[in-house]
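Welcome, and thank you for opening your viewer.

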Amino acid sequence: MIPELGHFALLAALAVALIQALVPMLGVWRREPRWMDVGASAAQGQFVLVLLAYLCLTWAFVERDWSVVYVAANSHSQLPLMYRISAVWGAHEGSMLLWMLMLTGWAAAVSVFSRSLPRDVRAQALAVLGFLSVGFLLFILLTSNPFDRHFPVPEDGRDLNPLLQDPGLVFHPPLLYMGYVGFSVAFAFAITALLSGRLDTAWARWTRPWTTAAWLCLTLGITLGSWWAYHELGWGGWWFWDPVENASFMPWLVGTALIHSLAVTEKRGLLKSWTVLLAIVAFALSLLGTFLVRSGVLVSVHAFATDPARGVFILSFLAVVLGIAFCLYAWRAPRFASEGELQLLSREGLLLLNNVFLVIAAAAVLIGTLYPLVVDAFKLGKISVGPPYFNAVFLPLTAPLAFLIGLASVVGWKQARGRDVLRRVRWPLAVALLAGLSLPWLLQRRFELIAAAGAFLALWTMVMACEEPWRRWRARRAAGLAQIPRAIWGMSLAHFGLGLWVLGVTFVSLYSIERDVRLGPGQGVELLGYRFALQKVEPYAGPNYDADRATVEVSRDGVRVAELQPEKRLYRAQRSVMTEASVDHNPLRDLYVALAEPLGGGEWALRIYVKPMMRLVWLGGVLMAVGGGLAASDRRYRLARAAVQRAAATDGVPA
């Protein structure tokens, strides 16, 4: 009966979503406050119902209910409990239920934390989120019901995809979906601004923390997904420009532009129409990513290969949502006039340039991702757009972007004097230039101009990220570091994390060494001063797999550095063979070994990597997300309620 309860909860959630979408809008139209307030109660009730459905599906996995088609297809009696719980979102139907849980969770959060907003603004925003819920609930119930049963009931399940039996699966999809779906809140408030015709600094101040919260979740999700691929796929890569990777990267780029554009709108009352457009495009790219992953048009280790009917439904829903949004934008956006002039040599001018580079980068990734699909759809052949295109187009855009990020931190609002800017950047510029030229030789004993340029941009970004807190501390030393707002700490930490990420990417891309070797027990090979010696290969029995586990001892100058144990696994249920790499981490390098195939005579093929500064890639992503969290929790957002209420009273809107 538990699966039936879950199905009923989804039907009830659909009914409540219809109420959330329609009644508050009617209340705004008729100026009926009680009808406007229905949206908040409906959003909370819908979240409870979807949570109930999600818990029912989780129960079915934990209890191994093989009568449920989705459970039988993605679990097994020998699957560990941790993976039975995370298998709930391991394939299409469950991942869509997780998507709905996130969407209703965001809507419930808006209903709780937006009580100080004008009634009509909150009602319209919740109505937009309710409309989105109706579309996705219909999609689940009509094409992707996770509670469908089948008879006769099989004796056991077919097991979870071995690629997904990794701790990264426990955290990566929920964080990624939190980011994807979180942009729906910015989208809802953008549509609300278009409907009401009101877009002021109070709107930007309230929208900004929601956008930042979604962005930090997406940042963590992308970082964790990259870490998972690095450890699980066995080829030592951390980013391959896979179409599904691109599907998450594009909304991240536009979301980053949106955060900075919101800062300009909040501080100076500029870029209003542009900010609304970015909010629409960020969520549009999230929906596009959903279509790409679930339509079956992509072949990827990340994609869910499903029937085309699902893709048609999502594409139709995408067309309806974005068609309405862009028509509304074309009609209402011209009335959002800026409140001043924009000067190029000002913080807002540099942030606009920052936006331009980010949007161009997102467009370049979009073209490279969709072009092969368009060519295939028109029967013009099959082509593949891979890393050479993306590296050639994307990397030149990051250099001016990194430089502008550092420069914007020392340029004031409205208009700055070139002489003052040069005076403030001369020493940081000299330090970054000298250190950038020195680092490749000091760390790798090999100078490359591209490495020096990347190191300079990274160090420039990190040094300039510290400039604002340093300047504020010097101005008010008696107050200490506590007087610096969280938003400043968050901005500085995020930019410092970006610098670390650039430094890590530069060195790991240019100085990584890999070698495929043939070794037997007692044999070894030298690589960049490290000796990798194969000690033994022995059988190992896991909970639902059998493995050959190698022991590789790594030493340097006769001193043992690490012991690595890569595995070649055979999963019993699906008879799938997987490579489980072993990595020794260090702030300056990773030692990476993957066990390939047996070659006879006790010898094995191994793939060995030495990757300098690989840790900085992950650390940079984490610091960017932590910085986003600090910025989103700034005191002025917590105190913004009074300002919103004053703005509402000024406009004559009941609060």
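Before the first selection, one set of words: a residue is called buried when its relative accessible area is under 20%, exposed when that area is over 50%, and partly exposed in between, using a 1.4 Å probe and protein chains only. This is a predicted model, in which local features need pLDDT of at least 70 and side-chain atom pairs count only at pLDDT 80 or more, while totals for chains, interfaces and linings use all residues. Residues are numbered from 1 along each chain as its sequence is written, and side-chain values use heavy atoms, leaving out hydrogens and water.

**The whole protein**

Start with everything selected. Helices and strands here are DSSP runs numbered from the N terminus, with helices (H or I) of at least four residues and strands (E) of at least two. You will find 20 helices and 10 strands in the protein. The radius of gyration is 27 Å, close to the 26 Å that the globule rule gives for 655 residues, so the protein is as compact as a globular protein of that length. That radius is taken over C-alpha atoms, and the globule rule is 2.2 Å times the number of residues to the power 0.38. Along the principal axes, the C-alpha atoms fill a box of roughly 85 × 75 × 55 Å.

Now try colouring by accessibility. Of the 655 residues, 57% are buried. Contact, a word used at several stops, means heavy atoms within 4.5 Å. Taking contacts between residues at least 6 apart in sequence, 73% join residues at least 24 apart.

**Cysteines**

Select Cys56, then Cys466. Cys56 is buried, at 4% relative accessible area, whereas Cys466 is partly exposed at 41%. How many disulfides does a search of the whole structure find? The search finds 0, where a disulfide is a pair of cysteine sulfur atoms within 2.5 Å.

Most residues other than glycine have a negative phi, and most peptide bonds are trans.

- Select Arg31, in the loop between helix H1 (2-30) and helix H2 (33-62). Arg31 is not a glycine, yet its phi is positive, at about 55 degrees. This residue, Arg31, is exposed at 65% relative accessibility.
- Select Pro152, in the loop between helix H6 (119-143) and helix H7 (167-196). The peptide bond leading from Phe151 to Pro152 is cis, with omega near 0 degrees.
- Select Leu271, in the loop between H9 and helix H10 (272-294). Leu271 also has a positive phi, near 60 degrees. Is Leu271 buried or exposed? Leu271 is buried, with a relative accessible area of 13%.

Go to helix H9 (residues 243-268) and pick out Glu266. Glu266 counts as buried at 10% relative accessibility.

Next, select Glu580 in strand S7 (residues 576-580). Glu580 is buried too, with a relative accessible area of 16%. Which residues does Glu580 touch, not counting those up to four places away in sequence? They are Asp166, Glu232, Pro566, Glu567 and Arg569.

**A proline in helix H11**

Select Pro308 in helix H11 (residues 308-332). At 60% relative accessibility, Pro308 is exposed. Pro308 and Val181 are 127 residues apart in sequence, and their C-alpha atoms lie 23 Å apart in space.

**Helix H15**

Met464 is buried at 1% relative accessibility. Show its surroundings: leaving out residues up to four places away in sequence, Met464 touches Gly406, Ser409, Val410, Val425 and Pro428. Phe403, 61 residues from Met464 along the chain, has its C-alpha atom 9.7 Å from that of Met464.

Stay in H15 and select Thr461. Thr461 is buried, with a relative accessible area of 2%. Apart from neighbours within four places in sequence, Thr461 is in contact with Ala402, Ile405, His495 and Gly499. Finish by drawing a distance from Thr461 to Gly497: the two are 36 residues apart in sequence and 9.1 Å apart, C-alpha to C-alpha.
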